[in-house]
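Hello,

Here is the structure I said I would pass on. My notes on it follow below.

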Amino acid sequence: MKGLKQKRKDGRWRAQEVASAAGVTISAIYTYEKGTRFPRKETLEKLCKFFDCKVDDLL
């Protein structure tokens with residue numbers, strides 16, 4: 001999910017802020033960004049709402 005990392009960096013969001021908004025841990029955010037894990041549907045929806053974007057933008 002390189003798009004997630006790019007959105008976070010572009011918006012100058014800290015991983016903690018994104019994690020809190022999505023209801024996951026900081027380490028989960030990092031594993032999503034690395035592509036070693038993929039978020040659950042509910043988490044992905046929260047991330048899209050936080051960044052005001054579509055799922056495709058995060059992938």
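**Charges, salt bridges and surface patches**

Lys 9 sits in helix α1. With a relative accessible area of 48%, Lys 9 is partly exposed. Please keep in mind throughout that this is a predicted model.

Lys 9 belongs to a positive surface patch, together with Lys 2, Lys 5 and Lys 34. The element that gives the most to this patch is helix α1, which spans residues 2-10 and supplies 3 residues.

**Salt bridges**

Searching the whole structure turns up 3 salt bridges. In general, side chains of opposite charge can pair when their charged atoms come close.

One of the bridges joins Arg 8 and Glu 33, with 2.6 Å between the closest N and O atoms. Arg 8 is part of helix α1 and Glu 33 is part of helix α3, so this pair ties together parts that are 25 residues apart in sequence. Both partners, Arg 8 and Glu 33, are buried.

Another bridge pairs Arg 14 with Glu 17, and here the closest N and O atoms are 4.0 Å apart. Arg 14 counts as exposed because its relative accessibility is 54%. Glu 17 is partly exposed, at a relative accessible area of 30%.

There is also a bridge between the side chains of Arg 40 and Glu 42, at 3.4 Å from N to O. Arg 40 has a relative accessible area of 60% and is therefore exposed. Glu 42 reaches 42% relative accessibility, so it counts as partly exposed.

**Nonpolar patch**

Which residues form the nonpolar patch on the surface? They are Phe 38, Val 55 and Leu 59, and together they have about 280 Å² of accessible area. Phe 38 is located in the loop that runs between α3 (26-34) and α4 (41-51).

**Backbone points to check**

Most residues other than glycine have a negative phi. Two residues are listed here for a positive value.

- Arg 12, which is not a glycine, has a positive phi of about 55°. Arg 12 lies in the loop between α1 and α2 (15-22). Its relative accessible area is 77%, so Arg 12 is exposed.
- Asp 52, also a residue other than glycine, has a positive phi near 50°. Asp 52 is placed in the loop between α4 and α5 (55-58). Asp 52 is exposed because its relative accessible area is 71%.

Is Asp 56 buried or exposed? At 62% relative accessibility, Asp 56 counts as exposed. Asp 56 is found in helix α5. Between the C-alpha atoms of Asp 56 and Glu 33 the separation is 14 Å, and the two residues are 23 residues apart along the chain. Glu 33 is the buried partner of Arg 8 described above.

To recap the charged residues: the positive patch is formed by Lys 2, Lys 5, Lys 9 and Lys 34, while Arg 8 forms a salt bridge with Glu 33.

Regards

How values were computed:
Residues are numbered from 1 along each chain as its sequence is written. This is a predicted model: local features need pLDDT of at least 70, side-chain atom pairs count only at pLDDT 80 or more; totals for chains, interfaces and linings use all residues. Side-chain values use heavy atoms; hydrogens and water are left out. Patches are made of residues with over 30% relative accessible area and no salt bridge: like charges are joined within 9 Å, nonpolar side chains (Val, Leu, Ile, Met, Phe, Trp, Tyr) within 5 Å. Accessible areas come from the Shrake-Rupley method with a 1.4 Å probe; for residues, only the protein chains shown count as cover. Helices (H or I, at least four residues) and strands (E, at least two) are DSSP runs, numbered from the N terminus. Lys and Arg count as positive and Asp and Glu as negative; His and the chain ends are not counted. The place of a charge is taken as NZ of Lys, CZ of Arg, CG of Asp or CD of Glu. Buried means under 20% relative accessible area, exposed over 50%, partly exposed in between (1.4 Å probe, protein chains only).
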